Every structure is written in C-alpha cells, then in structure tokens.
Amino acid sequence: GANPFVSYVVADYCLRGWLEPHIATLVERYRIKRDTMLAALNAHMPEEVSWTKPMGGFFVWLTLPPGLVAQEVQTEAEQRGITFLPGLPFFAEGGGENNIRLAFSYLSPQDIEKGVVILGEVIREKMKVSGTHMKLNCQRIS
C-alpha cells in the first residue's frame, strides 16, 4: 500500500495533466543518451563487436567476439574508470560470457562518449592478447 499523502500528491500531479508532458521530456532525454551511446559504439568499437538498438529501457547489450570474456574486459575497464555488468548473471539457462550490459540512463552524453572510447580501447587490446584478429562475418544489430 502507498502512503496516503503521497497517493494524494501523485493523484493531483496526474489530474493537473503534468504526468504525460513529464514522460515525453524523459523519453526525449533518454533517447538522446541512447543515440549518443549508439553513435559512440559505431565510431569506436572494433568491427567484431555487435550490439542491440533498444526501443525502450536503459541498456545496450554488446556481444564480444568469440574468445573474449566479458568479466576479463570488465577487470581492465574498471582499472580505467569504466564499469558495466557482464552478461553472465542475466542468462538463466547459461551463456552470456561474451555479453556486456551498458547502461546509458545515468551518464551525461559526454561521459557516455568518453566511456565508450575507453571500452573500445580495452576490447581492442584484449582482442590482440587473445588472438581475436580474424574478421567475423557478423552484422551489428540495429
């Protein structure tokens, strides 16, 4: 149950017609951040990396090329000030070792760009170490 006072405040907010314009503002704000992340990924990720284009939500999912493990990329990225969640905990039936969940809702567009540049550098370095140099025949998900 909701607090009665809070319920009245929320009801009044909605009755005054303020909810829908607020939602529209939020949708545009998050669209800008999502699009910033997608453009940065397109500009700074190796061709062997693919990702989703979310139509809702606050996350972009990256798929690393075979041979790269998200948790190993995470360790190096965190040393450079970048954090993300590896995909493993999100796959109920296994898998996700080479998936990364990137959040874009909290960060500024400038920080998103900086973070993707660093993440791209880390992934390239890990690809060199692991010998993942072959060009894969995969398409980026859009």
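What is the handedness of the crossing of H3 and H4? I shall open with that point, and then turn to the other helices. Please bear in mind throughout that this is a predicted model.

The crossing of H3 and H4 is right-handed. Helix H3 covers residues 70–79 and helix H4 covers residues 109–130; their axes come within 10 Å and cross at roughly 125°. Because of that angle, H3 is classed as oblique to H4. On the H3 side, the contact is made by Glu72, Val73, Glu76 and Ala77, and on the H4 side by Leu119, Val122, Ile123 and Lys126. Sorted by class, the residues of this contact comprise five nonpolar, no polar and three charged.

H4 also meets helix H2, which spans residues 19–44. Here the axes come within 9 Å and cross at roughly 30°. Since angles under 35 degrees count as roughly parallel, H2 is described as roughly parallel to H4. The crossing of H2 with H4 is right-handed. H2 contributes Ile32, Lys33, Thr36, Met37, Ala40, Leu41 and His44 to the contact, while H4 contributes Pro109, Ile112, Glu113, Val116, Val117, Gly120 and Arg124. In this contact of H2 with H4 there are eight nonpolar, three polar and three charged residues.

Finally, I turn to helix H1, residues 4–15. At its start, a side-chain oxygen of asparagine 3 comes within 2.8 Å of the backbone nitrogen of phenylalanine 5. H1 has 12 residues and, at 1.5 Å a residue, should therefore span 16 Å; the C-alpha atoms at its ends are 16 Å apart, in agreement with that expectation. After H1 comes glycine 17, which has a positive phi, near 80°.

To return to the opening question, H3 and H4 cross in a right-handed sense, and H2 likewise passes H4 in a right-handed crossing. Thank you for your attention.

Technical notes:
Residues are numbered from 1 along each chain as its sequence is written. This is a predicted model: local features need pLDDT of at least 70, side-chain atom pairs count only at pLDDT 80 or more; totals for chains, interfaces and linings use all residues. Side-chain values use heavy atoms; hydrogens and water are left out. Axes are lines fitted to C-alpha atoms, for helices over the stretch in contact, and angles run from 0 to 180 degrees between N-to-C directions. Helices (H or I, at least four residues) and strands (E, at least two) are DSSP runs, numbered from the N terminus. Angles under 35 degrees count as roughly parallel, over 145 as roughly antiparallel, 65 to 115 as roughly perpendicular and the rest as oblique. A crossing is left-handed if the near helix is turned anticlockwise from the far one by less than a right angle, and right-handed if clockwise. Contact means heavy atoms within 4.5 Å. Ala, Val, Leu, Ile, Met, Phe, Trp, Tyr, Cys and Pro count as nonpolar, Asp, Glu, Lys and Arg as charged, and the others, Gly among them, as polar. The expected span of a helix is 1.5 Å times one less than its number of residues. A polar contact is a pair of N or O atoms within 3.5 Å; within protein, one must be able to donate a hydrogen and the other to accept it, and residues adjacent in sequence count only if both atoms are side-chain atoms.
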